[in-house]
Amino acid sequence: YAHDEREAAHLWRDLPPDEHVDAAVESFRMLADPTRLRLLWLLCGGEYDVGALAARVSAARPAVSQHLAKLRLTGLVAVRRDGRRAVYRARGGHVRMLLAEALQAAGHVVEGLPDHE
């Protein structure tokens, strides 16, 4: 693991392009809302329509629709039509990895676990 980290250290020497930073900040801003975080977590595990998501997170359908629209705008969620229904899912493995890492780090903080550097 340490060997891999040393090899990847060069990736961290230069700052990323401003547009990448701006997009990342907007993605993190979307994840700063508990309902959106829960919605995205569910969407990482499969496809859902608004009604099913609203039931799972105990929120009103209009509120869930608004959250999903924001997640779509930032590229975290994709939608497809299934007849008259819109079906949502997390957009790619990178979203699942981001969410899993964020919640794993949060779990370490909550449980008081040491950092592994």
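The legends below accompany close-up views of a predicted model.

View 1. Tyr 88 belongs to strand S2, which runs through residues 85-90. This tyrosine has a relative accessibility of 10%, and because buried means under 20% relative accessible area, Tyr 88 counts as buried. When neighbours within four places in sequence are left aside, the residues in contact with Tyr 88 include Leu 43, Gly 46, Glu 47, Tyr 48 and Val 50, together with Leu 68, Arg 72, Val 77, Ala 78 and Val 79. One of these contacts, Tyr 48, is 40 residues away from Tyr 88 in sequence, although the C-alpha atoms of the two tyrosines are 5.4 Å apart in space.

**View 2. The largest nonpolar core.** This core contains 22 residues, and those with the most contacts inside it are Leu 40, Leu 43, Leu 53, Val 64, Leu 68, Leu 76 and Tyr 88. The elements that contribute two or more residues to the core are H2, H3, H4, helix H5 (61-73), S2 and helix H6 (93-111). The largest share comes from H3, which gives five residues.

**View 3. Leu 76 and Ser 27.** Leu 76 is among the residues with the most contacts inside the largest nonpolar core. Apart from its neighbours within four places in sequence, Leu 76 is in contact with Ser 27, Met 30, Leu 31, Leu 40, Leu 71, Arg 89, Ala 90, Arg 91 and Val 95. Ser 27, for its part, is found in helix H2 and, with a relative accessibility of 12%, counts as buried. With neighbours within four places in sequence again left out, Ser 27 is in contact with Thr 74 and Leu 76.

**View 4. A salt bridge between Glu 26 and Arg 29.** Side chains of opposite charge can pair when their charged atoms come close. The structure holds four salt bridges, and in the one shown here the side chains of Glu 26 and Arg 29 meet with 3.2 Å from N to O. Because Glu 26 and Arg 29 are three residues apart in helix H2 (residues 18-31), about one helical turn separates them. Both ends of the pair are partly exposed, Glu 26 with a relative accessible area of 30% and Arg 29 with a relative accessible area of 47%.

**View 5. A salt bridge between Arg 80 and Glu 47.** Here the closest N and O atoms of Arg 80 and Glu 47 are 2.8 Å apart. The pair links distant parts of the chain, 33 residues apart, with Arg 80 in strand S1 (residues 77-82) and Glu 47 in the loop between helix H3 (34-45) and helix H4 (50-57). Arg 80 is partly exposed at a relative accessible area of 38%, and Glu 47 also counts as partly exposed, with 38% relative accessibility.

View 6. The side chains of Asp 82 and Arg 85 meet in a salt bridge, at 2.9 Å from N to O. Asp 82 is partly exposed, with a relative accessible area of 36%, and Arg 85 is partly exposed, with a relative accessible area of 38%. Through salt bridges that share partners, Asp 49, Asp 82 and Arg 85 are joined into one network.

Key:
Residues numbered from 1 in each chain as written. Predicted model: local features only at pLDDT ≥ 70, side-chain atom pairs only at ≥ 80, totals over all residues. Heavy atoms only, no water. Helix = DSSP H or I, 4+ residues; strand = E, 2+ residues; numbered from the N terminus. Buried < 20%, exposed > 50% of the residue type's maximum accessible area, 1.4 Å probe, protein only. Contact = heavy atoms within 4.5 Å. Core = buried A, V, L, I, M, F, W, Y, C linked by side-chain atoms within 4.5 Å.
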